[in-house]
Amino acid sequence: MEHDTTRPLTDRFGRRHDDLRISVTDRCNLRCAYCMPEDPEWFAREALLSYEEIERITRVIARRGVRKLRVTGGEPLVRRDLPVLVGLLSRVPGVEDLSLTTNGLLLDAQAGPLARAGLRRVNVSLDTLDPERFARLTRRNVLDRALRGVEAAAAAGLAPIKINTVLVRGYNEDEVERLTESAREHGWELRFIEFMPLENDGSWNPGRVVSGDEVRRRIEARWPLTPDPAADPSAPARRWLFRDGRGAVGFIDSATRPFCADCSRLRLTSDGHLRVCLHDDTEVDLKTPLRGGIDDAGLERLIEQAVLEKGRGGALDLLERRRVRLPRRTMHQIGG
């Protein structure tokens with residue numbers, strides 16, 4: 001089967017899908033309260049897709065125009081021999097961008113091998129620069145290791161380094177200026193993410209959301225911004241440039257300004273399910289037919305049908321309901 005972007009994966013709302021998030025594990029070496037329980041039940045090893053299975057699904061989906069891949073978890077770096085998978089994915093025809101979302105704890109040792117295998121860049125989740133606050137959130141006192149990992153990624157040439165920060169009112173919204181100043185000093189691209197109802201502990205409510213507009217106004221009070229004229233319209237982040245030329249900052253306003261109308265993302269869970277919307281529990285099992293001997297054409301039909309059945313957008317439904325229905329999976333099982 002040839003690479004065929006003339007038939008892109010398009011849903012009934014006309015949205016083209018060119019971005020695949022690939023979760024390789026549900027396991028993590030942190031225990032962030034809004035992501036997973038303290039003592040989670042992990043998927044059995046045999047339940048996880050093998051690297052060869054992930055590569056095959058990716059090759060099929062890339063033939064239909066998917067060009068951006070992001071490897072996620074859980075914490076993807078706890079999966080053994082991850083550079084092997086990165087090497088496989090980097091050679092998939094049609095893939096133009098290959099990135100990784102991580103908490104950074106294992107980047108110190110793995111940034112170099114990952115870069116040599118073909119990884120282009122990393123997103124590092126970092127919600128605070130305060131060690132005590134970091135320990136309370138993650139239940140692990142390892143902020144220094146995360147920061148060393150970011151330094152290692154920069155040294156390995158994994159750029160641009162994006163820092164993902166979830167702001168929660170009453171917890172860390174007072175660090176906006178400190179985080180922004182640090183990002184400007186180190187050359188990171190900071191991305192502020194609104195608190196979404198995908199948490200483990202049932203703590204989400206609209207009052208705890210710190211809106212992107214509020215954060216942008218605070219930043220502009222010290223560092224004037226201008227919208228990025230070259231920003232990707234299908235990207236989840238609204239990207240702004242610092243007028244003094246020192247980098248950019250992004251705002252992922254999932255709760256107050258849902259971007260469902262331009263969504264181009266699909267998710268492959270570590271146990272082999274295709275998920276077409278982060279906020280919708282509907283999934284298609286690809287692993288069972290894959291292991292049952294389905295051919296590539298049959299696999300492609302399953303993927304195409306899942307995209308055709310995608311709804312208008314789970315975040316829009318949430319905004320209109322103003323009430324939360326906890327997802328069947330928590331974030332560590334879905335993939336970031």
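Strand β4 makes the greatest contribution to the lining of the largest pocket, giving three residues, where strands are DSSP runs of E of at least two residues and helices are runs of H or I of at least four, both numbered from the N terminus. The model is predicted, with local features needing pLDDT of at least 70 and side-chain atom pairs counting only at pLDDT 80 or more, whereas totals for chains, interfaces and linings use all residues. Residues are numbered from 1 along each chain as its sequence is written, and side-chain values use heavy atoms, leaving out hydrogens and water.

The lining of the largest pocket comprises 24 residues, of which Arg121, Lys162, Arg191, Asp232 and Ala235 lie nearest the centre. A pocket is here an open set of points on a 1 Å grid over the protein atoms alone, where a 1.4 Å probe fits, with protein on both sides within 12 Å along at least five of seven lines, and lining residues have an atom within 4 Å of a point. By class, the lining has seven nonpolar, three polar and 14 charged residues, with Asp, Glu, Lys and Arg counted as charged, Ala, Val, Leu, Ile, Met, Phe, Trp, Tyr, Cys and Pro as nonpolar, and the others, Gly among them, as polar.

The axes of helix α2 (residues 82-90) and helix α3 (residues 107-117) come within 8 Å and cross at roughly 20 degrees, the axes being lines fitted to C-alpha atoms over the stretch in contact, with angles running from 0 to 180 degrees between N-to-C directions. The two helices, α2 and α3, are therefore roughly parallel to each other, a term for angles under 35 degrees. Across this pair, Leu82, Pro83, Val86, Gly87 and Ser90 in α2 meet Gln110, Pro113, Leu114 and Ala117 in α3, contact meaning heavy atoms within 4.5 Å. The residues of this contact divide into six nonpolar, three polar and no charged.

Definitions and conventions:
Parallel < 35°, antiparallel > 145°, perpendicular 65-115°, else oblique.
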